[in-house]
Amino acid sequence: MAFTYPNVKRDETVSDVYHGIEVKDPYRWLEDPDAEETKKFVDAQNAVTRPYIDSYPYREKINKIITDLWDYPKISAPYFHGNKYFQYRNSGLQNQSVIYVLDNLKSEPKVFLDPNLLSADGTIALADSKFSEDGKTFAYGLSESGSDWLEIRFKDVESGKDYPEVLKKVKFTSLAWLHNNKGFFYCAYLNKEGKADGSETDSNENQKLYFHKLGTPQSEDVVAVEFDDPQLRIGATISHCGKYLVLTPIKGCKNNLLYFAKLEENREIKDVLKLQEVVGELKADYEYITNSESKFVFRTNKDAPNYRLVIIDFNDLTKEWTDLIPENPKDVIDWAKAVNNGQLILCYLQDVKNVMSLHKLDTGEKIYDFPLELGSVSALSGKHNRSEIFYGFNSFLTPNIIYRVDLSNPNIKPEVFQETRVGDFDPTKYECKQVFYDSKDGTKIPMFIITKKGVKLDGTNPCLLYAYGGFNITMGPSFSISRLVFVNCFNGVYALANIRGGGEYGDTWHNAGRFHLKQNCFDDFQYAAKYLVNNKYTNANKLTIQGGSNGGLLVAACINQAPHLFGAAICQVGVLDMLRFHKFTIGYAWKSDYGSSETEKDFQYLFKYSPLHNVAIPQGNSQYPATLLLTASHDDRVVPLHSLKFISELQYRVGKSPRQQNPLMVRVETKAGHGAGKPTSKVIEEVTDIFSFIAKSLNLTYYD
């Protein structure tokens, strides 16, 4: 059926000239989120989308199934601070997880902090936190409506009462306590003018590292570190010995600087700290792991695309760095953590699956391999000076299992501490496999595929294909209720393609999907679709692609380039205007993956794939797939203007064509952001709407 879309104003007088090429921007007016005409536009679009989704006859059934399956207890690994254990718990459908405190592992848990009490609709979330070194004070950052902006508060652990001060205008922050427990460092934009609630679009610049003395107002906080470059974000951590502040300023999303400042034990911080430069060029990543006096261990990709652990002597920076753990030629060091006074846990990525081992800190010698099935280590809880650790494990068909290990025992043996059970979920009814398919240039791309056991591969099954492909982020195995609902309710296939641009195979994999090579990501995704069709998992008319943020860019670029390959597309909070993305909030940081239209050579390739600038009626008899964009009013990471401008262009260029019978719609959520901290109720509603849109648009058979 053809659809009637809102009549959206086009201002053809607005344009920019990029390196001699004029580019029209008729929907520039939608970049102002506070304008009345923008609000009316959003209402008009939701008025088209909402009835379409709500008219799907099985929407309420799907909502109930998702809600019922979601209603299982979720528990994190315990974390030890001071003399107590703390643990996140969610009874099932609570909008936000609750922090509980336990005197010991067998004692009755008591509520320590319940974010659900802070707002009636669950839209205030705990976004960051840090205990003081003695465990007596808890600093916690609250986010409202999904914004990246935080307010930091302080809680006395023993009494449960909050200190009077509240730290505002905090964003992209580190939280680093002095070891005397009297104060801590945090990052903020205190000079920012105008509103800071997540609905603004202006760039986040001139971040500074402040020192806050506990029990004093924010107005007395001291600027401890600042840099001349307004776009640097300042990573900060206190060394395990408490004598150094380690700084890792970063400008984009890759490659950081490295500095340190010595902290004198009894000296109050009243002025800018004196910094010592270790690395002064943005050419590699450096992550602090631990130190023994002046000898510091960092995880780095300098001269090691699969990462290595190096030792840097802060007392002699002229000394050549030495390898503690050399680069593995195939497997990627995902992370490392110091434990048990002289030991180190390493977690590797091995063909997108985690392997984990214990090593001696002084020599790097391996002591023990942890037994892991095919899946991911979801969390590790432990301290550099304690022998007890906990780690979580999950996979596509395994909900979270928490293991406890006592490393003081020479006979190391992980024991199941808590195991998550999901209703009557039976993993034996499903099967998961990993395949490797050829992309356009012959590169082997890994992909996980989940189906019901014994499913008939005759090309008639619906398929949901997901990918991300950017910013060195790895999409590993994880447990998800929504995927199982899709597989069950529609006899569907779920596929996760680990395309280039991600971190699955280290820097080499990431770099193969950056800058002028971004097209590799789109090719990889399109060839994943072809593999699924050619191997009879599905057919093009029943294949849905889905991605969020950078993955939203992926989806939008692919429906522009190859609309005939897909039946439906779900584009969540996508980066869609590749010529102007760097002008809004934190968008400039993404230039480390995308480049910038301000540079001519970057403009040439950005203009070729920018979703907003490449919408056209498909050739032949094909049409765009049924397309649903999703964005949110308080998304200050990828601001909603990307989706608003793109849907306007889609409906204008394509929606009026008599050949375009598939819907082209946008769902704009209120009081929500990029995704982090989204309350359970909103997550369930969003998943319900996505599946209802797919099922109605593709006329899928619903199975009770």
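Predicted model: local features only at pLDDT ≥ 70, side-chain atom pairs only at ≥ 80, totals over all residues.

Student: Which strands form the open sheet of seven strands, and in what order?

Tutor: Strands (E, at least two residues) and helices (H or I, at least four) are DSSP runs numbered from the N terminus. Two strands pair if DSSP finds at least two bridges between them. Here the open sheet of seven strands runs in the order 8-9-10-11-12-13-14, with antiparallel pairing. Strand 8 (124–131) and strand 14 (222–225) stand at the edges; each has a single partner strand, so one side of each lacks a neighbour in the sheet. Neighbouring strands of this sheet are turned by 40 degrees against each other on average, direction ignored. For such angles, axes are lines fitted to C-alpha atoms (for helices over the stretch in contact), and angles run from 0 to 180 degrees between N-to-C directions.

Student: How many bridges join strand 13 and strand 14?

Tutor: Three bridges join them, in the antiparallel sense. Within strand 14, V222 stands opposite F211.

Student: What is the strand order in the open sheet of four strands?

Tutor: That sheet has the order 15-16-17-18, again with antiparallel pairing. Its edge strands, strand 15 (233–238) and strand 18 (276–279), each pair on one side only. The twist averages 25 degrees from one strand to the next. Strand 15 pairs with strand 16 (residues 244–250) in the antiparallel sense over six bridges, and R233 has I250 in strand 16 as its bridge partner.

Student: Is Q231 buried or exposed?

Tutor: A residue is called buried under 20% relative accessible area, exposed over 50%, and partly exposed in between (1.4 Å probe, protein chains only). Q231 lies in the loop between strand 14 and strand 15. Because its relative accessible area is 14%, Q231 is buried.

Student: How many residues of strand 36 are buried?

Tutor: Five of the five residues of strand 36 (residues 568–572) are buried. Both faces are covered, with A568, I570 and Q572 on one side and A569 and C571 on the other. Strand 36 pairs with strand 35 (residues 543–548) in the parallel sense over five bridges, and G547 stands opposite C571.

Student: What is the volume of the second largest pocket, and which residues are closest to its centre?

Tutor: The search uses a 1 Å grid over the protein atoms alone: a cavity is a set of points where a 1.4 Å probe fits but cannot get out, whereas a pocket is an open set with protein on both sides within 12 Å along at least five of seven lines, and lining residues have an atom within 4 Å of a point. Grid points are joined across faces, edges and corners, and a volume is the space filled by probe spheres set on the points. The second largest pocket has a volume of about 510 Å³. Of its 24 lining residues, L178, N180, R267, E268 and I269 are the closest to its centre. Strand 13 (residues 208–213) gives the most to the lining, with three residues.

Student: Where does E268 lie?

Tutor: E268 lies in the loop between strand 17 (258–262) and strand 18, and its 46% relative accessibility makes it partly exposed.

Student: Where is a positive phi found in a residue other than glycine?

Tutor: Most residues other than glycine have a negative phi. In S549, however, phi is positive, near 65 degrees. S549 is found in the loop between strand 35 and helix 6 (550–561), and is buried with a relative accessible area of 14%.

Notes
Residues numbered from 1 in each chain as written. Heavy atoms only, no water.
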